[in-house]
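Please examine the structure below with care. The paragraphs that follow treat its sheets and the helices that accompany them.

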Amino acid sequence: MSVDLQTLRALADAHGIIARVVVAQAKGSAPRDAGTVMYIWSTGACGTIGGGALEFEAIKIARTVIDSGNDLTQVFPLGPALGQCCGGSVILRTDIFDAQRVEQLSQHSSFIRGDGARPSWATSNPILPNTDLHYANGWIAEPIEQNKTPLWIWGAGHVGRALVDVIAPLEQHAITWIDVHRDRFPEQIRNDVDVLTTNDPQKFLKYAPSDAQHMIVTYSHVLDLDLCHGLLTREARKIGLIGSQTKWARFQSRLRNLGHSQNKIDMITCPIGDPALGKHPHAIAIGVASALISTARPTGLDKNCSDQKDRA
C-alpha cells in the first residue's frame, strides 16, 4: 500500500478535514494486514481496516483526533479490551489532512512521520527495501502514489539538467534523478525532484516502478549500456537513450549479444529528442518533453472511495 495522494486530495476537498488511518503493524491473528487504509471524516468514512470493534474504536478515536488536529499512533491488543478473540495486536497510525497538508505532501515521494529519535532509514526520500510500508520504533514511512508518471533520469550532466529544467515544471512526472556523486548535480534542485547518488547506479534499477519511464543520459557509454541491459531484463514503460545513430547501432549489436531479442531492444528510443530542434541540451529536452506529455496518467478517484457513504 502507498499513500494515494489523489484520493486524499479529493476527500479533503469534499470534507475539509479528514483522518487517514493505516495499519502500521499487524502481529498474530489480526483482521487486516499492515498497509491497510481507511479514511474518516466527521460524518462518514470509506475503506475498512477489518470492521468490528477495532474499526468502531478507530473511527471514534479518529473523529476525536480530527477535532484536536494532532496525529496519533496507538497499539490495540485484539483481546478482552476490545471484546475480540483474535489474540493478535495491531498498531494504527492516524494522520489528519486538510487541503494544505495534502499539497505539502505532494512535494515528496515518501510520507515519513513518527515520534522521538529519527531512525537512520527515515531520510527525506528513502528507498524502502522490499516493502511499500516501513514501520520501526514508532516511525512509519510510505511511498506516495501521485497522479504522475514516474520518470527516472540517469545522469546529471548538461542533458540531464536540461531534462529536469524543462520537464519538472510541467508537473506531469514524478522525477527521480540519479548520478554517481552529489557534486554532479546543481546546487539548487526542486523539492519535488528526488535525487539518488551512488557509485553503482545499477543497484537502484530494482527500485524503479515497473511503469516508470527512463532517460539514460550519463557521462559513460559503459554505464549507458549496463543500464540498457538492466532495464531490458525487467519491466519499464519507456526507455530513452542519448546518443548518435552510430552509438545506437553498436548498442543494438551488444544488446543482442547479451541475449536480448530485437523486439525487446526496440523498446529503447535512440537518439532521444526531435532532430529538427537541434542538439542543444534544452532543444533535446524540449523534444523529449513533447514526446512524454501525452503518456501522463489519467486521473480518477480511488475505487474504494468513489461511492462515499456516511458511516457512524
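Trp-152 stands opposite Thr-176 in β11. The two strands concerned, β10 (residues 149-154) and β11 (residues 173-179), run parallel and are joined by six bridges. Here strands (E, at least two residues) and helices (H or I, at least four residues) are DSSP runs, numbered from the N terminus, and two strands pair if DSSP finds at least two bridges between them. The model is a predicted one, in which local features need pLDDT of at least 70 and side-chain atom pairs count only at pLDDT 80 or more, while totals for chains, interfaces and linings use all residues. Residues are numbered from 1 along each chain as its sequence is written, and side-chain values use heavy atoms, with hydrogens and water left out.

Strands β10 and β11 belong to an open sheet of six strands with parallel pairing, in the order β12-β11-β10-β13-β14-β15. Because β12 (193-197) and β15 (268-269) stand at the edges with a single partner strand each, one side of each has no neighbour in the sheet.

Helix α4 (residues 158-167) lies across β10, β11, β12 and β13 (213-216), at about 165 degrees to β11. Such angles run from 0 to 180 degrees between N-to-C directions, and the axes are lines fitted to C-alpha atoms, for helices over the stretch in contact; contact means heavy atoms within 4.5 Å. Helix α5 (residues 221-232) lies across β10, β13, β14 (238-241) and β15, and runs at about 165 degrees to β13.

What caps the N-terminal end of α5? Ser-220 does so, with a side-chain oxygen 3.2 Å from the backbone nitrogen of Val-222. The buried residues of α5 (under 20% relative accessible area, with a 1.4 Å probe and protein chains only) include Leu-223, Leu-227 and Leu-231. An α-helix has 3.6 residues a turn, so residues three or four places apart point the same way. The buried residues of α5 pack against β10, β13, β14, α6 (245-257), α7 (262-265) and β15.

A second open sheet has five strands in the order β4-β3-β2-β6-β5, with antiparallel pairing. Its edge strands, β4 (44-47) and β5 (72-77), each pair on one side only. On average, neighbouring strands of this sheet are turned by 20 degrees against each other, direction ignored. Within the sheet, β3 (residues 37-41) pairs with β4 over four bridges in the antiparallel sense, and Ile-40 stands opposite Ala-45 in β4. Helix α2 (residues 52-68) lies across β2 (18-27), β3, β4, β5 and β6 (89-97), at about 50 degrees to β3.

Technical notes:
Buried < 20%, exposed > 50% of the residue type's maximum accessible area, 1.4 Å probe, protein only. Polar contact = N/O pair within 3.5 Å; in protein donor to acceptor, adjacent residues only side chain to side chain.
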